[in-house]
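New notebook page. I'm going through this protein piece by piece and jotting down what I look up.

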Amino acid sequence: MSTSGVGGNWSLLREDISGKAGVPVVRKAVVRKAGRRGVLRAGAGAGLGLTYGGLAAPSAGPPNGSGVVSVGVVPADRRGVSGSSSRSSGRGAAAAALLPGGYAAFTQACPIPAELLPTAEGVSPWQPGAVFHGIAPEYFLRRYAEFPDVPYYETLPTRFYDLRVQRVLHEYVPGLKTPGYGYAGSIPGPTIRSRIGQPCVVRTYNELDVELSTHLHGGHSPAHADGYPNFYVLPGRARDYYYPNTVPPLNGRPDFTESSSTMWFHDHAMDIAGPNVWYGLAGFYLVSDELEDDLVRSNVLPGVAYDIPLALQDRKFNPDGTLFYDLLDHHGQLGDVWLANGRVQPVLKVERRKYRLRLLNGCNARFLELRLSNGQPFTKLGKDSWLYPAAIEQKWLKFVVEGPVQRDSAAVVPGTLLRPHRVLDPATAAATPTLGTIERWIFRNGTGTAGWWHPVHVHLSGQQIIRVNGAEPALADRFKSDVVILDGGGEAESLLHFRSFRGPFVFHCHTLEHEDMRMMLTMDPRVTATVSPQPIQAAFP
Ligand SMILES: [Cu+2]
């Protein structure tokens, strides 16, 4: 076991367990088989404890007879910062009485983001790589990026997309124009729908005056296109993001248990991901494969018309209708106004039937616990980007915090750490796992029980969480995850399988303001064994 670095105030231990008996990675193989019997998956999330559900409409009508069921948010402030400012949390939806522009809640329709259609399929409409930041070398030399001697899974012609990132005036509430950023000029961005085995190239034009770097959250993508924080799209330039939508191999064959389903793309630029996302840069990226199509065809899962992506976000507004963002708030930005798909507290009219909701926690820092207002359980289809082996009935437990606020006197003394700020060196890889191995990673949150919570997101592929604070995780967390949540002083163990792309990739806290403080390290899978740390093996403009 080797200590492999520290990111902010959490640390990581790594151990290569590939050769050991009883390595429980087979759960991945089970996912696919069990999935065929019945179940589904779900959404991605800001990595902040996502949830989804296929919402089961009651067959005999809602108990309250009103025909109205809402998804309520328990505004858990899990930052764990004692004595945090009153603006931050705990007020919840009830506090949203003063909505921007005098808007009355639940009077505007909830939009479904439009699909971004490809510019071309099969034949490139433009010269690949002609733009300043080029295209991933993996696009031309795919095997170069792969673990040697494995097939590269690709069955469908490449799709080409143009995506312009622009300034927008967005109506979070009707009639009030709020300046922001939008992928293709919309908030949230348009949805990209693709298939496993069908590569996509997204030519992304930066028409803003800030640096951009797009991360496809949950994607199994090569390093050039993964949104490494300083592999920028500079203002006025463009970058070709190559998303192979492939799956890694297992025993020489494509491992379809690694097919992701509900992903999202969002900005990941060095130090400014927080404001870039806050101002609007997030969108859905949905992928399907034969298994999922079978589930829809056999009516196990609702089809496209009843398959609704919902991006849940919190925001804070200035009196003039502009968004408020505190660049000095390093706890994590919290809002007091609730959005679904870029609109403040909208209403969605639905039929009396089952829906598949892909609920994305797109908040910068807030953890969400969702429940239905009539007390019905969700049927959870998956977690993060991944489908469960079988659907899980999820009943929510509501915690009621009672008693007066306890204010401890300040304990600061000379030497007390105040601002965690371990700086990512983007040229150095803290972890250099060897392709073809499985490692056990232990994440430790060094903040103590009253400290910050950190949702740790590892790029490139899902992690299988095997232990949280010394115990087996809850059923809903035992399969693949994009994010593992470390509560104050918490410790979690995950298994990671490295078997395809070389790095560099990052892993980091997904509270975006922590990420912007570079609570982030580089993980750089290699073909040959190395001792960490190492200089990164590749860098791209
Ligand atoms: Cu954090």
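**Overall look.** I counted up the elements: the protein has 32 strands and six helices. I keep in mind that this is a predicted model. Of its 541 residues, 48% count as buried. I also checked contacts between residues at least 6 apart in sequence, and 80% of them join residues at least 24 apart.

**His497.** I found His497 in strand E29, which runs over residues 491-498. Is His497 buried or exposed? It is buried, because 23 other C-beta atoms lie within 10 Å and the cut-off for buried is 20 or more. Then I looked at Glu439, which is 58 residues away from His497 along the chain, yet their C-alpha atoms are separated by 6.5 Å.

**Cis peptide bonds.** I noted one between Ile187 and Pro188, with omega about -10°. Pro188 sits in the loop between strand E7 (176-183) and strand E8 (192-195). Another cis bond goes from Gly503 to Pro504, with omega near 10°. For Pro504, the place is the loop between E29 and strand E30 (505-509), and E29 is the strand that holds His497.

**Positive phi.** Asp271 isn't a glycine, but its phi is positive, about 70°. I located Asp271 in the loop between strand E14 (262-267) and helix H4 (273-278). Asp384 isn't a glycine either, and its phi is near 50°, also positive. Its loop connects strand E21 (378-383) and strand E22 (386-394).

Which burial class does each one get? Asp271 has 14 C-beta neighbours inside 10 Å, so it counts as partly exposed. Asp384 has 31 inside 10 Å, so it counts as buried.

Conventions. Residues are numbered from 1 along each chain as its sequence is written. This is a predicted model: local features need pLDDT of at least 70, side-chain atom pairs count only at pLDDT 80 or more; totals for chains, interfaces and linings use all residues. Helices (H or I, at least four residues) and strands (E, at least two) are DSSP runs, numbered from the N terminus. A residue is buried if 20 or more other C-beta atoms lie within 10 Å of its own, exposed if 12 or fewer, and partly exposed in between; C-beta atoms are placed from the backbone. Two residues are in contact if their C-beta atoms, placed from the backbone, lie within 7 Å.
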